[in-house]
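Work through the exercises below with the sequence and the structure at hand, and try each task before you read its solution.

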Amino acid sequence: MPEALILGAGGFLGLHALDALRALGEEPRCGRRARSNVLGLRSRKARMASADLDDEASLVEAMRGCDRVLHLAGHYPRTSLDPATATRTGLEQSRRVLNAAAAAGVQRLVYVSSTATVAPNPEGLSDERHSYPSPPSHGLYHALKWQMERLFLDEQRFEVRVACPSGCLGPGDLRVGTSALLIALARGMDPPPPDGTVALVDARDVGQGLARLLLAERAPKRLILSAENHRLHELLCSVAPRYGVPEPSPALSAAEAIARADEEEARSVRENRRPALSREIVDLVVHGQPLSARLAEEQLGLRWTPLSQTLDALDAWARRLSLIPSAKDQPPCSAPPTRPASSASSPT
C-alpha cells in the first residue's frame, strides 16, 4: 500500500509533522542520515529509512513504495561566508531529491521552503501571489531559498506543492533557531535585536499544515503558514515581564545589525562555534514584511495558536532542558527592571 516519506523527520518541524500525520491516521516512513540525531524518532517508535541528500541511490531506496514525500531537509548553510559552495550544495541536493522522486514513482512532493521567498506587497500584507522575479539580493539565505524553491516549482514529472512557513516557535527547537533571541532574553542576556518585522507561527500548527498539504487531494501549489506579525523590538519588550528581566536595548539599524552579524560569523568560523548572531536571522528581520496566511485558513481549515499559548509551551519545554531558568528562580514578572540606556552600544 502506498505511503508517505518524511525527509528531515528528526528535526524540529519534522517531528511535529510526524505527530500531525499520525493524528490523521498516517504512519509515514522517516528518512534519516547516518549521523543525524534520531532520539525524537526513537522515542516515537518511528519507522526509519536511510536517506542522504548527497546519495541519490539512498533517496530512491527510501522513496520506493511511497507515493508522497514531505521534504524538510533542504540545505541550511551554517554561515553566509561561502555563498558559492552553499548555493551549489543546496541546488545539487534539491536536484537529487527531485530525480530520486521521479525514479521511485512518487506522485506528490511537498517542499518546505521559507517566507524569505515572499516578496513585499507595497499595498499591504504579502501573500502567495507575491514572489521575487529573481533571487533577492538580501543575502545568501534569501537567494538560496529562492533558487531552491524555483527548482521545485518548475518540476513537471510529478506534482509539487511548496510550503512557506514563517518563524517557527514552540517546544522541540533543539537547535534554538527562531527562539534564540527569546531564550537569550529569558536568561537575562541583552543581544540588541535588529530593527524589523517578524512573522511568527507555532511549530505545531506548521506540522498540521504540512500534513494537510501533503494529504489533501486539492491544495494550492504555494502556501504561506504564518500566524502573527510583530515589530521584533516591541515584541521582546512585551514579553520581558514574562521572565522578570529588563527590556532589551534599543534595536540596531539594518546597517549596524548586518555589520555585527558579519563580524560574529567570521569570529565563529575562527573559533569553530555557532555564531551568536547569524546573518540569516538579521536578513530575515530587517527585510521582513507582514504576511497573510488567509489561503491556508480557507483551503486547509488551519487555525493558529495564540502567541501567548505558544510561549507557554516553549517556556515549559525550555525549562525542562534548563535552557531558561525555572519559574521559581525568576523574579516576579509584574515589574521587570529597566536596562540602562547605555547598554545599547554593548557588544554581543
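**Exercise 1.** Locate asparagine 121 and decide whether asparagine 121 is buried or exposed.

*Solution.* Begin with the place in the chain: asparagine 121 sits in the loop between E5 and helix H5 (140–153), where helices (H or I, at least four residues) and strands (E, at least two) are DSSP runs, numbered from the N terminus. The model is predicted, so local features need pLDDT of at least 70, side-chain atom pairs count only at pLDDT 80 or more, and totals for chains, interfaces and linings use all residues. Residues are numbered from 1 along each chain as its sequence is written, and side-chain values use heavy atoms, with hydrogens and water left out. Next, take the relative accessible area, which is 18%; asparagine 121 is therefore buried (under 20%, whereas exposed means over 50% and partly exposed lies in between, with a 1.4 Å probe and protein chains only). Finally, look for its contacts (heavy atoms within 4.5 Å): not counting residues up to four places away in sequence, asparagine 121 touches Ser126 and His130.

**Exercise 2.** Describe the order of the strands in the open sheet.

*Solution.* The sheet has seven strands in the order E3-E2-E1-E4-E5-E6-E9, with parallel pairing (two strands pair if DSSP finds at least two bridges between them). At the edges stand strand E3 (47–50) and strand E9 (222–225), each of which pairs on one side only. From one strand to the next, the twist averages 25° (axes are lines fitted to C-alpha atoms, for helices over the stretch in contact, and angles run from 0 to 180 degrees between N-to-C directions).

**Exercise 3.** Which strands does helix H7 lie across?

*Solution.* Helix H7 (residues 203–215) lies across E1, E4, E5, E6 and E9, and runs at about 155° to E5.
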